[in-house]
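Please look over the sequence and the structure shown here before reading the report.

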Amino acid sequence: MEELRVRDVMTKKVTTLKRNDILTLASDIMQLGRIRHLPVLEDDGVRLAGILSQRDLFRGALARALGYGEHAQRKMLDSLVVKEVMTTDLTTTSPDTPLIDAARVLMERKIGCLPVTEGGRLVGILTEADFVAMFVRKGR
């Protein structure tokens, strides 16, 4: 694993959002794609602005727990945009980072993903699931 780099394991085809997308869209994408982290791009569609995680969407689940139904929850999510709840204090990595170093960052910071950037552009994402997939492939 020491010789592996982030580029060898990262997900290259990344589903993204824009800052002004509504949370309903984000929720639908996450549910349909079984995705837990969505990078958010600036309005230019290139630069990374933040990340939206399932945890950020739990506010909707809280609304349901307070007695609101699914329709009310969707209406609430329709009233919020991604930039209002996304995380902007990001830790990123580069494609050339040794995989062991990226894994260490994930563990030490207790985060589930690292957006992968190169020259200020998003080129991939490294998630816990990428490590699981790597071990499954190696086990064959």
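## Basis of the model

This is a predicted model, in which local features need pLDDT of at least 70 and side-chain atom pairs count only at pLDDT 80 or more, while totals for chains, interfaces and linings use all residues. Residues are numbered from 1 along each chain as its sequence is written, and side-chain values use heavy atoms, with hydrogens and water left out.

Helices (H or I, at least four residues) and strands (E, at least two) are DSSP runs, numbered from the N terminus. Strand 2 (37–41) runs antiparallel to strand 3, and five bridges join them; two strands are taken to pair if DSSP finds at least two bridges between them. Leu38 has Leu52 of strand 3 as its bridge partner. The two strands form a hairpin with six residues between them, and in the turn Gly45 has a positive phi of about 75°.

Strand 3 (residues 48–53) has six of its six residues buried, so it is largely enclosed by the rest of the structure. Here buried means under 20% relative accessible area, exposed over 50%, and partly exposed in between (1.4 Å probe, protein chains only).

## Two nonpolar cores

A nonpolar core is a set of buried Ala, Val, Leu, Ile, Met, Phe, Trp, Tyr and Cys residues joined through side-chain atoms within 4.5 Å. The largest has 14 residues, of which Leu17, Leu23, Leu38, Val40, Leu52, Val82 and Met86 touch the most other members. Helix 1, strand 2 and strand 3 each supply at least two residues of this core, and helix 1 gives the most, with three residues. A second, separate core of 13 residues includes Met10, Ala102, Leu114 and Val116.

Contact means heavy atoms within 4.5 Å. Not counting residues up to four places away in sequence, Leu38 touches Thr15, Leu17, Ala26, Ile29, Met30, Ile51 and Leu52.

## Helix 4 and its cover

Leu99, Ala102, Ala103 and Leu106 are buried in helix 4 (residues 99–109). Seen down the helix axis, the buried residues fall within an arc of 100°, so they line one face of helix 4; the arc is that of the directions from the axis to the C-beta atoms. On the other side of helix 4, Glu108 and Arg109 are exposed. The cover over the buried residues includes strand 4 (113–118), strand 5 (121–127) and helix 5 (128–138).

## Salt bridges

Five salt bridges are found in a search of the whole structure, each being a side-chain nitrogen of Lys or Arg within 4 Å of a carboxyl oxygen of Asp or Glu. One of them joins Arg19 to Glu42, with the closest N and O atoms 3.7 Å apart; this pair links distant parts of the chain, 23 residues apart.

In another, the closest N and O atoms of Glu128 and Arg36 are 2.6 Å apart. Glu128 lies in helix 5 and Arg36 in the loop between helix 1 and strand 2, so the pair ties together parts that are 92 residues apart in sequence. The side chains of Arg47 and Asp44 also meet in a salt bridge (2.8 Å, N to O).

## Positive phi angles

Most residues other than glycine have a negative phi. Arg34, in the loop between helix 1 (23–33) and strand 2, has a positive phi near 50°, and is exposed at 77% relative accessibility. Lys110, in the loop between helix 4 and strand 4, has a positive phi near 55° and is exposed, with a relative accessible area of 73%.
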